[in-house]
Amino acid sequence: MSPAARKSRLTIAATSAAIGALALAGCSSTVTGTPEPSAGSDNNTTTTTSPSGADLNGLLIDPSSFPAPYDALVLPQQAISQAAPDLSGIPAGAEVSPPGCKPADQDFGPAGTAMIVGTDNDSRSTISIELTAVDGPLSDREEQLEQCGEVTATKSGATSTVTSTLTPAPPIGADDTLAVRQTVASGVGGDAVTQSMLTLMAQIDDVRVSATFMSFGSASPDTTTLDQLFTASVQKVKHR
């Protein structure tokens, strides 16, 4: 993916039809649309159900859980397939080297993934909470990240390099936990783009909780808010 294409994909435009993930064109990002409550309240929100019967959309924390300056919204289902791959830095359908370093296939449909994203326009950053239905342990992903410290992803003639470093796992009650810092470098010269991420993960039964701080600016990760939202998300899944 070219830098320009990556930037355009990173714009959140919440409409009844579609949404892109986070746009950081130039020095600002734009969020439009109305935050949606997570399912479980009295509305007609589409239910997302994991293999064990968990309502993934209903297990998302509410947009009001995000403190200022984050403006949060639940992603429409049709937008998740665009937004979720950005959290790994590897576009869907990309050729990956070394072989075996591509994230496992993910169900972006209503039975597989639910996501809420909060955007801080001033710092050009987002915090995303993603719930996924999985059929394997979190240790599989940890082992893959250990073996794939630097990955090259190529799609449509554009190449990016994803660098991953495992950090101490978050101390929270779950079947397993994981933390990883990643950078995604693409483009050259004046077109170079560097995406920085810090992701906290936890797995409870067949539901995986991921909380990711993503930035294209120079701001340090907002670890306080990230931890707060991650903890709230894990607790909601545990006590479902």
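Two residues are in contact when heavy atoms of the two lie within 4.5 Å. The exercises below apply this term and others to a predicted model.

**Exercise 1. Describe the place of Ser233 and list the residues that it touches, not counting residues up to four places away in sequence.**

Solution. 
Step 1. Ser233 is found in helix H5.
Step 2. The cut-off for a buried residue is a relative accessible area under 20%. Ser233 has 2% relative accessibility and therefore counts as buried.
Step 3. With residues up to four places away in sequence set aside, Ser233 touches Ile61, Ile129 and Val209.

**Exercise 2. State how many helices and strands the protein chain has, and what share of its residues is buried.**

Solution. 
Step 1. The accessible surface comes to about 10,400 Å², and carbon and sulfur atoms hold 50% of it.
Step 2. Consider the contacts between residues at least 6 apart in sequence: 62% of these join residues at least 24 apart.

**Exercise 3. Identify the residues that touch the most other members of the largest nonpolar core, and the elements that contribute to this core.**

Solution. 
Step 1. The core has 29 residues, and Phe66 and Phe230 are the ones that touch the most other members.
Step 2. Two or more residues come from each of helix H2 (56-59), strand E3 (71-74), strand E5 (113-120), E6, E10, E11 and helix H5 (223-238).
Step 3. The greatest contribution is that of H5, with five residues.
Step 4. Phe230 is in contact with Ile129, Pro170, Ile172, Leu200, Met201, Ala202, Val209 and Ala211, when its neighbours within four places in sequence are left aside.
Step 5. Another core, of 21 residues, lies apart from this one; among its members are Ala94, Val96, Val117 and Val151.

**Exercise 4. Determine whether Ser210 is buried or exposed, and list its contacts beyond four places in sequence.**

Solution. 
Step 1. Ser210 belongs to strand E11.
Step 2. Its relative accessibility is 8%, so Ser210 counts as buried.
Step 3. Not counting residues up to four places away in sequence, Ser210 touches Ser128, Ile129, Glu130, Thr199, Leu200 and Met201.

**Exercise 5. Give the volume of the largest pocket and describe its lining.**

Solution. 
Step 1. The largest pocket holds about 840 Å³ of space.
Step 2. It is lined by 33 residues, of which Pro103, Ala104, Asp105, Gln106 and Arg208 are the closest to its centre.
Step 3. The elements that supply two or more lining residues are strand E6 (125-133), helix H4 (138-147), strand E9 (176-186), strand E10 (193-204) and strand E11 (207-215).
Step 4. Sorted by class, the lining comprises 14 nonpolar, eleven polar and eight charged residues.

**Exercise 6. Locate Ser88, and state how far it lies from Ser164 in sequence and in space.**

Solution. 
Step 1. Ser88 is in the loop between helix H3 (77-83) and E4.
Step 2. Ser88 counts as buried because its relative accessibility is 13%.
Step 3. Ser88 and Ser164 are 76 residues apart in sequence, while their C-alpha atoms are 9.8 Å apart in space.
Step 4. Leaving aside neighbours within four places in sequence, Ser88 is in contact with Pro103, Val162, Gln182 and Met197.

Notes
Residues numbered from 1 in each chain as written. Predicted model: local features only at pLDDT ≥ 70, side-chain atom pairs only at ≥ 80, totals over all residues. Heavy atoms only, no water. 1 Å grid on protein atoms, 1.4 Å probe; cavity = no way out; pocket = protein on both sides within 12 Å on 5 of 7 lines; lining within 4 Å. Points joined across faces, edges and corners; volume = space filled by probe spheres on them. Helix = DSSP H or I, 4+ residues; strand = E, 2+ residues; numbered from the N terminus. Nonpolar A, V, L, I, M, F, W, Y, C, P; charged D, E, K, R; others polar. Core = buried A, V, L, I, M, F, W, Y, C linked by side-chain atoms within 4.5 Å. Buried < 20%, exposed > 50% of the residue type's maximum accessible area, 1.4 Å probe, protein only. Areas by Shrake-Rupley, 256 points an atom, 1.4 Å probe, with all protein chains shown as cover.
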